[in-house]
Amino acid sequence: GNRFEKDGGNQDREIPAPEAVVRRFKTRQTASAGRTRIPGLSETPCCGRAALANLCSPESSDLYHYVMRLQAVLFDLDGTIAETETVHLQCFNEAFQHFGLPYRWTFGEYRSLLEIAGGRERIRHYFEKLDNPPDHLRDLAAGLHKLKNELYVERMEAGFQIRPGVRRLLEEALVCDITCGLTTTTSRVNVDPLLRYSLAEDYSKYFAFLLTGTEIRHKKPDPS
């Protein structure tokens, strides 16, 4: 929501939320023929952070306050950019069935298992808690996880919707020269098809870097 701060006369002055500030900026700008525009935001000139700051002084500008203070935005993937956990669960259960295993995770069980970072680690943790865990647990978990990822990619290629507002937020960050990064424990093999088929073929234009579960040695909650 909005917040308040003291103005020069020591009176409370309402500071609009960042989205409202950006919208107000859009309505104030005139569309000159030579300006570059971003698809989907045809009313917004691609002027960048420096040009936004030049519109007004730091002492009086709400826009300056928000845009200049924000340096970067880090996004998670599952549950942030897209609600994918139900799809992951379906793919885990299909992998169990394909391997002829009698296990079927309910959504409640899966929510508890989400405390374990990483799909392969999640399977191994589940097996280790069983009274009679299957043989060759490590190899079995790796095979199940590989099949589960293949099933997940097939679903992403068939089409999947990211959460409402995510694309607009990324476009506006791009307009304002705000760096965005993606950090997730999800394997890169799952990250790529979700972003490519749901966000953009060249999704790298939105993210300065991607850090996935494939690139890190120890997943959360490891402090390193």
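E94 is partly exposed, with a relative accessible area of 31%. In this predicted model, its side chain meets that of R155 in a salt bridge, at 2.4 Å from N to O. R155 is also partly exposed, at a relative accessible area of 27%. The pair links distant parts of the chain. E94 belongs to helix α4 and R155 to helix α7, and 61 residues separate them.

## Salt bridges within helices

The structure holds 5 salt bridges. One of them joins the side chains of R168 and E172, at 3.4 Å from N to O. Both residues lie in helix α8 (residues 166–175), 4 residues apart, so about one helical turn separates them. R168 counts as partly exposed, at 29% relative accessibility. E172 is buried, with a relative accessible area of 9%; the cut-off for buried is under 20%.

Another salt bridge joins R196 and D192, with 2.6 Å between N and O. These two residues sit in helix α9 (residues 188–198). They too are 4 residues apart, so the spacing is about one helical turn. R196 is partly exposed, at 24% relative accessibility. D192 is partly exposed as well, with a relative accessible area of 23%. In general, an α-helix has 3.6 residues a turn, so residues three or four places apart point the same way.

## The buried part of α9

Which residues of α9 are buried? They are N190, V191, P193, L194, L195 and S198. Their cover includes three helices, α4, α7 and α8. Strands β4 and β5 also contribute to that cover.

## An open parallel sheet

The strand order is β3-β4-β5. These 3 strands form an open sheet, and the pairing is parallel. β3 (72–75) and β5 (209–211) are the edge strands. Each has a single partner strand, so one side of each is left without a neighbour in the sheet. From one strand to the next, the twist averages 20°.

β3 and β4 run parallel and are joined by 4 bridges. There, L74 has G181 in β4 as its bridge partner. Strand β4 covers residues 179–183 and pairs with β5 over 3 bridges, again in the parallel sense. On that side, G181 stands opposite F209 in β5. L182 has L210 in β5 as its bridge partner. In a regular strand, side chains alternate between the two faces of the sheet.

## T212, after β5

T212 lies in the segment that follows β5. Is T212 buried or exposed? T212 counts as buried, at 0% relative accessibility.

Which residues touch T212, leaving aside its neighbours within four places in sequence? The contacts are T184, T186, S187, R188 and V191.

## One face of α6

Helix α6 spans residues 119–128. Its buried residues are G119, R122, I123, Y126 and F127. Seen down the helix axis, they fall within an arc of 130°, so they line one face of α6.

What do these buried residues pack against? Their partners are α4 (85–98), α5 (107–113) and α7 (137–157). Helices α4 and α7 also carry E94 and R155, the pair that links distant parts of the chain. They are also part of the cover over the buried residues of α9.

## Confidence along the chain

The chain averages a pLDDT of 75. A score of at least 70 is reached by 67% of the residues. Confidence is highest in α4, at 95. It is lowest in strand β1 (residues 3–6), at a mean of 42.

Two stretches call for separate mention. Over residues 1–18 the pLDDT is below 50. This stretch has 28 contacts in the model beyond near neighbours in sequence. Over residues 20–47 the pLDDT stays under 50. For residues 20–47 the model has 41 contacts beyond four places in sequence.

Terms used:
Residues numbered from 1 in each chain as written. Predicted model: local features only at pLDDT ≥ 70, side-chain atom pairs only at ≥ 80, totals over all residues. Heavy atoms only, no water. Pairing = 2+ DSSP bridges. Axes fitted to C-alpha atoms, helices over the stretch in contact; angles between N-to-C directions. Buried < 20%, exposed > 50% of the residue type's maximum accessible area, 1.4 Å probe, protein only. Arc of directions from axis to C-beta. Contact = heavy atoms within 4.5 Å. pLDDT = per-residue confidence, 0-100. Salt bridge = Lys/Arg side-chain N within 4 Å of Asp/Glu carboxyl O.
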